[in-house]
Every structure is written in C-alpha cells, then in structure tokens.
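Me: I have a model open and would like to learn how to read it. Could you walk me through its features?

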Amino acid sequence: MATRGGFSSRLGFIAAAAGSAVGLGNIWQFPYVAGQNGGAAFLIIYVFWIFLIGFPIMLGEITLGRSAQSNPYGAYKKYGGKAWGLVGLFGILSGIMILSFYNVVSGWAFGYFLETAFGNLLEENDFSSFFGEYVADYSDNLWFSFGFMAITAVIVLQGVKKGIEGSAKILMPALFFLLLGIIVYGLTLPGAIEGVKFYLLPNFSLINAETIYSALGQAFFSLSLGMGGLITYGSYLSKQENILSSASLVVIADTMVAFLAGLMIFPLVFSQGQSPSEGPGLVFVALPGIFQAMGPVLGKIVGSSFFLLLCFAALTSTISLLEVAVAYLIDERKWSRRRAVSLMALVIFFIGIPSMLGYGAIQSLTSFTFYEGTSKSFMDLVQDIFSVIALPLGGFLLSVFIATRWTTAKFSDEISQGAKNYKGSFMEGFLNIMIKFICPVVLGLMFILTLLQKFFN
Ligand code: PHE
C-alpha cells in the first residue's frame, strides 16, 4: 500500500472533499432545479434530505473507504466478495458518465469566462438567445471541454497531495467570498425582494412526487454521494482523523454554497423580470445582465471573476470524478497513474461529445420524447440515468451493504477511531439506525418511484 497517496492533513481532506461537493451542482444546477420546482418548497425538502439521508451516507462512504484503503470496487469486494464488487464498479461507471456531461458544462463556464473577460458578451442585448447560440456552436465548445479535461488531467496526474489538496485549499475560500459579494449587490436591485420571497417563502401546494425525488437526486449529486467518490477520498485519509467532524463540515459547506447560490440568482432573476424556471441556462442568462448593469469596467471585472470561480468550483469536482476511475485502474489493474489519467481523461472527453451536440447542434440528440412525456436532450438522459437514478441507488446499495455485510459495528468502530466520545453517544445510535433501517427503506422506495415516474409514466 506504500504507493497509494494520502492527504497531508485533516484540512487537506476537508478542502478536497468540500471541493468535490461544491461545484456546478451547487451554483449552476441547484438554482435552476429549485426554480423549476417551486423555490422555497424545494429548498426545504432538499435540506431535509441532506441531513437525514445525505449525512449518514457520506459517513458510510468515507468510513468504508478508510477501512478498506481502496477504490470503490476494491472496498466492496474486500468485505463483500465479487458480487458486491459490481456495486463498486457501477459507481465508477456512474462517475465516468457524470464527468462526461459535467465537463461539457464546465467548458461552457470556461467559454463564458473568456467571453466576459476578452470578448463582447456584456454588450449583447439578449442573453437568452446568446446562450442558445453559444451552446449550439460546437466548434468552440469542443475545444473548451477538451481544454477543461486536460487541466483536470494535469492536476490529477500530480497525485493526491500536491494536485488535489493543494488546488482545493486556495479555490474554495475565494469562491465563497465572491458569492457573498454578488449577493449583497443583487439584493440592492429593484424587484430583488420578489426573488427572495420566491426562494424563502414556501408554497407547499407546489410539492409533488417530482419535487421530492428531484430534491433527493440533487442532494446526492451535490454531496458527491452514491458513486464512490468519497470511498476513494476516504481511502486517502489517515486513521487519526475525526471523520464525523470532517464530514459535518463538508455537508455544511456544501449546503451553504447551494443556499447562497440561490440567494444570489433569484433576486437577480426577478429584478430582470426573467422566469425562475428557465432551466439549465439560468445562471448563464441571469448573471450577464447584472454584470452588464454594473457598467463596462466593473462588469467585466466582477463578471469574469465570477465565471472564473465557477470554473474553479467545477474543477475541484471534475478532479474528484476523474480520480475515482483512476484509483480503480491503479489499485486493481496496476496501471501507472500516468497511463490511467491520460487514457481515462481522453475516453471520458469523447463520451461527452453527444451531450455537447444535444444542445442544438444535432437535432436528434436534442429532443428525446420516449420518457417523461416531454422532450429531453441527450444530456438530460445521461443525467437522469447516472445521477438522478443511479446516485440514490448507489446510496441504497451502500446502506444495505453496511447493514448486511460490513455491519454497523464496523462502521461505528471506524468512526470512533479519531472521534473520542462517539461510542455510546446519541449520534452513534442515530447513525446506526439511519444506515440500518431508514436509508435502505427510504432510498429503496425513492428508487422505485423515480424509475416509475421517469420511464414508465
Ligand atoms: N458534487 C459535485 C457538484 O455539486 C458533482 C459531483 C457529483 C462530483 C458526483 C463528484 C461526484 O457539482
């Protein structure tokens, strides 16, 4: 095991795990999904899922990884045999598929950074059509997403300490302060209060089955759960570290950033008279208008810093997504890091191309009608299968695995290493019950409901 890397400190792990969690899921996706699902009502259900289900599952992943000192496949196989190893493999596959479209959206963010800093984006008068044309033009996007994957690969090549940990420690705090700045500015705009109301005053009549499972999928995606990312990061964590407090900090940081992203976007959207249910273009359409209103110089500075930080947030997540597959190839197939990183990065870039072309370039990838009765893009399909459905399913399987194979006693032992008074505490009782009974039942049920709703409507 001497060749496996490791985090240098507790802070390093927290920065890397929070870096994985905080990303496009918080800033790009959370506001648009919340916007499509009624705002405040969605927020409440989301927070409920995060603490009730997300937190125990996160602990399950980190403890399993640290105990097994292995990638997801190796960890499941070590304690559960080959058949359970397949669950780990499925997680790795989900990570690969998620990275394939995530990298495309990261490329948009990168392109928007360039257009704001060096191009004429802020002189446009219709940001909605600009966005539509932008994502449909694949010639630039191919380069941007290729570039983004290359940067991810270069960092993952440097290994755990230098690459993953070092980059996250700088990028995360910077993002937080920029968000706060834009929020304060946005709240001073006329009409902003309507956005605050939409976001914070719940209208429970808007809650339906879709709100509930979308919020669950969003919680899993946002916390990077259900595909073994945190099994992998946990495997690089030393035995003295307190997993309980580290995981709490990661969950709180992630939830804060998603919450703040909503607080940033909705006042801006309402102050410009836009619709909160705009969809995936929300951040790309709402924000440029605000940067434009700041005037040419200030707008350029704030706007380009924002999109640059969005890229950074995405980068600490793409790093973690790539690392999962890489760790598997290094541990199980005995590949060199170099070979694993370069090959995986290239393959995943290619898998992402149809997702990119489904935003207008190729009509047949733009509007699938065979599920949910509405027209969905290829990217929506990948997202639905490998994120909305697969991640909670991964959480379900993890909790069943701990309950029936690895045992909650081992789970508890692993947490108590580094968390002194854990044994016999209320928290121990709560987590064991959640993992053993509540998570399997709730996640199993949600899996069936989501599947029915999406594909057998
Ligand atoms: N959590 C990341 C985000 O919110 C996305 C992600 C999902 C990263 C799964 C790793 C694993 O953007």
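Predicted model: local features only at pLDDT ≥ 70, side-chain atom pairs only at ≥ 80, totals over all residues.

Me: What is the mean pLDDT of the protein?

Reply: pLDDT is the predictor's confidence in each residue, from 0 to 100. Here the mean is 91, and 98% of the residues reach 70 or more. Among the elements, helix α8 (residues 160–187) has the lowest mean, 80, while helix α4 (residues 72–80) has the highest, 98. The model also scores ipTM 0.98 and pTM 0.94.

Me: Which secondary structure does the protein have?

Reply: Helices (H or I, at least four residues) and strands (E, at least two) are read as DSSP runs, numbered from the N terminus. The count in this protein is 18 helices and zero strands.

Me: How many of the residues are buried, as a percentage?

Reply: A residue is buried if 20 or more other C-beta atoms lie within 10 Å of its own, exposed if 12 or fewer, and partly exposed in between, with C-beta atoms placed from the backbone. By that test, 56% of the 457 residues are buried.

Me: Which residues have the most contacts inside the largest nonpolar core?

Reply: A nonpolar core is a set of buried Ala, Val, Leu, Ile, Met, Phe, Trp, Tyr and Cys residues joined through C-beta atoms within 7 Å. The largest one has 166 residues, and Met58, Ala109, Cys311 and Leu322 have the most contacts inside it. Helix α14 (residues 296–333) gives the most to this core, 19 residues. Two residues are in contact if their C-beta atoms, placed from the backbone, lie within 7 Å. Beyond its neighbours within four places in sequence, Ala109 contacts Phe307, Leu310, Cys311 and Ala314.

Me: Which residues come nearest to the ligand?

Reply: A residue is near a molecule if its C-beta atom, placed from the backbone, lies within 6 Å of it. Of the 15 residues around the ligand, Gly23, Gly25, Ser224, Gly229 and Ser317 come nearest. Helices α1 (10–21), α2 (24–36), α10 (209–222) and α14 each supply at least two residues of the shell.

Me: Is Phe291 buried or exposed?

Reply: Phe291, in helix α13 (residues 282–293), is buried because 25 other C-beta atoms lie within 10 Å. Not counting residues up to four places away in sequence, Phe291 touches Thr116, Leu122, Gly299, Val302 and Gly303.

Me: What is the phi of Gln69?

Reply: Phi of Gln69 is positive, about 50°, although Gln69 is not a glycine. Gln69 lies in the loop between α3 (40–68) and α4, and with 18 other C-beta atoms within 10 Å it is partly exposed.

Definitions and conventions:
Residues numbered from 1 in each chain as written.
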